[in-house]
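Visitor: Hi! I'm new to this one and would like a walk through it. Can we just chat as we look?

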Amino acid sequence: MKALYDPIEWTNQLVTGVAEIDKQHRFLVDAINDANGKLQGSPDIKLLEQITKDLLSYAIYHFETEEDLMLEYGYKEESAADAELHQKQHREFSAQVIAVRDGLRDGKLISREDLLAFLNGWLVNHIMNTDQRLGIFIRQKRNTATAR
Ligand SMILES: [Fe+2]
């Protein structure tokens, strides 16, 4: 059986239909799967530091893309609770990665399984639920804009 820390498989359930979001999600999935491969073998604190650092900076860039789209299409005005929850999930993810990084700096190793289970679980769950709702909203806005 597939474990949560196994590489993420890109499926249609992860496609939001918003090209720029999907492109960045694919990059994130590839980056996490690539890290998964690199972390096979004995734990290496330098490698873990590098991976979490790169991942955090890309995640922040990606969250900004989504949050800019929310602003552009007035997500908060029309779906305040969803917009708030969405941004909260982004902040919590960043805070959790920072906590792992702080731990690494103090010499506290995290196992490949624990790190990947967290990253995979968070990303897949966030994309399939929260990002999909945003995707539906943006696609609707774009459709009505072109139909005019
Ligand atoms: Fe998101």
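Visitor: Which glycine follows α4, and what is its phi like?
Guide: That is glycine 107, and its phi is positive, near 85°. Keep in mind that this is a predicted model.

Visitor: Okay, and how many residues does α4 itself have?
Guide: Helix α4 covers residues 80–105, which makes 26 residues. From its first C-alpha to its last it reaches 38 Å, close to the 38 Å expected at 1.5 Å a residue.

Visitor: Which residues are buried in α4?
Guide: Ala83, His86, Val97 and Val100 are the buried ones in α4.

Visitor: Let's stay with valine 100. What does it touch, leaving out residues up to four places away in sequence?
Guide: With those left out, valine 100 touches Thr52, Ile110 and Leu115.

Visitor: Which residues make up the largest nonpolar core?
Guide: There are 12 in all: Ile8, Val29, Ile32, Ala35, Leu39, Leu48, Ile51, Val97, Val100, Leu115, Leu116 and Leu119. Two or more residues come from each of α1, α2 (45–73), α4 and α5 (112–147). There is also a second, separate core of eight residues, which includes Met70, Tyr75, Ala83 and Ile138.

Visitor: Switching to α1: which of its residues are buried?
Guide: In α1 those are Ile21, His25, Val29, Ile32, Ala35 and Asn36. Looking down the axis of α1, the buried residues fall within an arc of 125°, so they line one face of the helix.

Visitor: Why can residues apart in sequence point the same way on a helix?
Guide: An α-helix has 3.6 residues a turn, so residues three or four places apart point the same way.

Visitor: And which exposed residues sit on the face of α1 turned away from the buried side?
Guide: Ala19, Lys23 and Gly37 are the exposed residues carried there.

Visitor: How far apart are the end C-alpha atoms of α1?
Guide: They are 29 Å apart. The 20 residues of α1 (residues 19–38) should span 28 Å at 1.5 Å a residue, so the two values agree.

Visitor: Zooming out, how many helices and strands are there?
Guide: The protein has five helices and zero strands. Its C-alpha atoms fill a box of roughly 60 × 30 × 20 Å along the principal axes.

Visitor: How much of the protein counts as buried?
Guide: Of its 148 residues, 20% do. As for contacts between residues at least 6 apart in sequence, 82% join residues at least 24 apart.

Definitions and conventions: Residues are numbered from 1 along each chain as its sequence is written. This is a predicted model: local features need pLDDT of at least 70, side-chain atom pairs count only at pLDDT 80 or more; totals for chains, interfaces and linings use all residues. Helices (H or I, at least four residues) and strands (E, at least two) are DSSP runs, numbered from the N terminus. The expected span of a helix is 1.5 Å times one less than its number of residues. A residue is buried if 20 or more other C-beta atoms lie within 10 Å of its own, exposed if 12 or fewer, and partly exposed in between; C-beta atoms are placed from the backbone. The arc is that of the directions from the helix axis to the C-beta atoms. Two residues are in contact if their C-beta atoms, placed from the backbone, lie within 7 Å. A nonpolar core is a set of buried Ala, Val, Leu, Ile, Met, Phe, Trp, Tyr and Cys residues joined through C-beta atoms within 7 Å.
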